[in-house]
Amino acid sequence: MKTAAEAALAEAFAAARDRLPGDDAVAAQRDAAFGLFAKEGLPHRRVEEWKYTDLRALMREAKPLAPPPDAAAKARAKAAGALLGDVETRRLVFVDGAFVAELSDLAHLEEGLTVDSLADALSDNDPVLTRHLGKLAPANNVAVALNTALMGDGAVIRIAAGATIERPLHLLFVASAKPDASFVRSLVVVERGARAMVIESHEGPAGSDYQVNAALELFVGDEAHVDHVKIVGEGADALHVSTLAAAIGAHARFNAFSFIAGGAVVRNQLFLKFDGEGVVAGIRGATLLNGRQHADTTLVADHVAADCQSREVFKAVLDNEAHGVFQGRIIVRRHAQKTDAKMMTQALLLSERAEADNKPELEIFADDVQCGHGATSGAIDDELKFYLLARGIPAAEAEALLIQAFLGEAIEGIEHAGLREALLEAVAAWLKARK
Amino acid sequence: MPLLEIKNLHVKIDGKEILKSLDLTVNAGEVHAIMGPNGSGKSTLAYVLAGKAGYEPTSGEVKFDGKNIFDMTPDERAAAGLFLAFQYPLEIPGVATMTFLRTALNAQRKKRGEAELSTPEFIKRVREAAGKLNIDQDMLRRAVNVGFSGGEKKRNEILQMALLEPRLAVLDETDSGLDIDALKIVADGVNRLRALQRAFVVITHYQRLLSYIVPDIVHVLSGGRIVKTGGKELALELEARGYAEYQEEAVE
Ligand SMILES: Nc1ncnc2c1ncn2[C@@H]1O[C@H](COP(=O)(O)OP(=O)(O)O)[C@@H](O)[C@H]1O
Ligand SMILES: [Mg+2]
């Protein structure tokens, strides 16, 4: 028995199938992906990985595919990206899932940097797609399958071996006021020894129950140094599902950060594969929820090669009736000896009605490894709060200090000073709005 | 008008009466010592003055500068000039000592209708006060009390007191765990602040501290009551004879 949303997705695919960009191979990829969805339907709570985020129940309807943005929507998008403050980035702007060149900064690309839209790359049958598209995103994940079936646009970024791209690349996804659905797919290929930072931010207006399904496949070459930052600042009624799938080469440095503060329902998926030896990775996140927001971060860190070090730190601050979920799985394959992986997830509950679910898992198949995980969840420490009160700090300010300190442990891990400050500012603004 | 006036104070924790009919009057300019055996209620008195939750006054009254202290929240009491040096100062991971000091000072100033301190002025004051207490810059850069030794934590309490310039400072066993050098540094810190408009209540288990911070009045607290009050010689007497006789008095 299909739900209304499932039926609508099937209709949308049938209607769009022939006009979606890409050659026959891509069309076949879309059909195969849709086939998985047709078979499985929307994931629900009896599917283990979706236990806490029952998409079948949470997604009552499927919105129509967004039409290309009109002039008014593009004009409004100019104000987007304020959260980053004065961090100097190269903006690539997408409105309702479509690349908008005139809002984007394509001038004077650094040497070694190539930027295209996915729609163009698909129409041009760009060979980079054949080599990379769909190679990392897990084919058995229904959210990814829907993305593959319906992807319309996104960014295709290539960074040549040895290039250092100083300015962070900012993929800015803006939803207009229309309650539509967008399926964006991006591809970032960083060659050997290159250095880059990719920020992916998602925002839109409150009062519109639009839907976003975004996926990004990231190839980190040997000895490269890549930072990925995702900022989910969607409007209060939005449904956001996004996926980062990355493969990290030998001796690379890789950092990923998820900052989630917006959206009614958010599912943030990270599938990371440590493919080469000697990777040093920091995977962190900060989630701030209030009202009845629901946000689920699901991470799979797959240590395939030996000698990799990964640190996972995920923090959530949950107010009112918010629901925070963290599922983190560290896999250490048989040959991944000397893996050093430590995962910590902590939730701070600001209300008795808020709820945190933490599910850390270790699957270890190698024998010489150092792995651990920890999870805590609890309220603000009254003793600490009293110490601050006793020094004359009012209750709200005392709580704000302690909350900032709690999140700070994750945010301080961001190497880019400007971005770190911007996120700390965003936390301060969130706390101010709380009162 | 006395700075602090406690009359017939009864305090319960978890339904159990800890302070029983306690009276204490502290005038501006005075240093009072409160001595007593472990478990006699010294910290309870300190906490109930500072306003800690769970320390429930069931009868009696406490006036600070003529105002009912129980009408004030803990932060209001602090801004009005009440300071408690904690027996066990807390570690606050993630909150830098400088941020903590500055937030506290400015919050108090704001509540009193004073302007916030400029950054250079604030830093100057912290440096000066810290220097006198042998607190180095590295300690100030760390999170509040995190990784501090016992003695460093106590000196940090005195630093906070020096910056906040309270009208009444209650020092709860600030001497415990200090070696003689640290004890002198702490005592000097307190003595520097002694002033006509300011008063201290020095809670201690041992006489030792009182050789350096010489009190005007010494009280013996036992079984939740002040059972004896005298001059500074009372401290020496207690040191020689112990608390045994007072503990017996406290038995109902
Ligand atoms: N949080 C608490 N809960 C229950 N009993 C307490 C608590 N704090 C103190 N007490 C009890 O109150 C009495 C006085 O304790 P306290 O004021 O800490 O004494 P002192 O500081 O003189 O050693 C003791 O019997 C102690 O066990
Ligand atoms: Mg005590």
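Start at ligand 1: by class, its shell holds 4 nonpolar, 6 polar and 3 charged residues (Ala, Val, Leu, Ile, Met, Phe, Trp, Tyr, Cys and Pro count as nonpolar, Asp, Glu, Lys and Arg as charged, the others, Gly among them, as polar). This is a predicted model, where local features need pLDDT of at least 70, side-chain atom pairs count only at pLDDT 80 or more, and totals for chains, interfaces and linings use all residues. Residues are numbered from 1 along each chain as its sequence is written, chains are lettered from A and ligands numbered from 1 in the order written, and side-chain values use heavy atoms, leaving out hydrogens and water.

Now select the 13 residues around the ligand; G39(B), G41(B), K42(B), S43(B) and T44(B) are the closest (a heavy atom within 4 Å makes a residue near). Zoom in on T44(B): a polar side-chain atom sits 2.5 Å from a ligand oxygen (polar contacts here are N or O pairs within 3.5 Å). Helix 1 of chain B gives the most to this shell, with 3 residues (helices are DSSP runs of H or I, at least four residues; strands are E, at least two).

Next, hop to chain A, where 10 strands form an open, mixed sheet in the order 2-1-5-7-9-11-13-15-17-19 (pairing takes at least two DSSP bridges). Strand 2 (98–99) and strand 19 (370–378) of chain A stand at the edges with a single partner strand each, so one side of each lacks a neighbour in the sheet.

Last stop: select strand 11 (residues 253–260) and strand 13 (residues 280–289) of chain A, which pair in the parallel sense over 8 bridges. Look for S258(A), whose bridge partner in strand 13 of chain A is G285(A).

How values were computed. A polar contact is a pair of N or O atoms within 3.5 Å; within protein, one must be able to donate a hydrogen and the other to accept it, and residues adjacent in sequence count only if both atoms are side-chain atoms.
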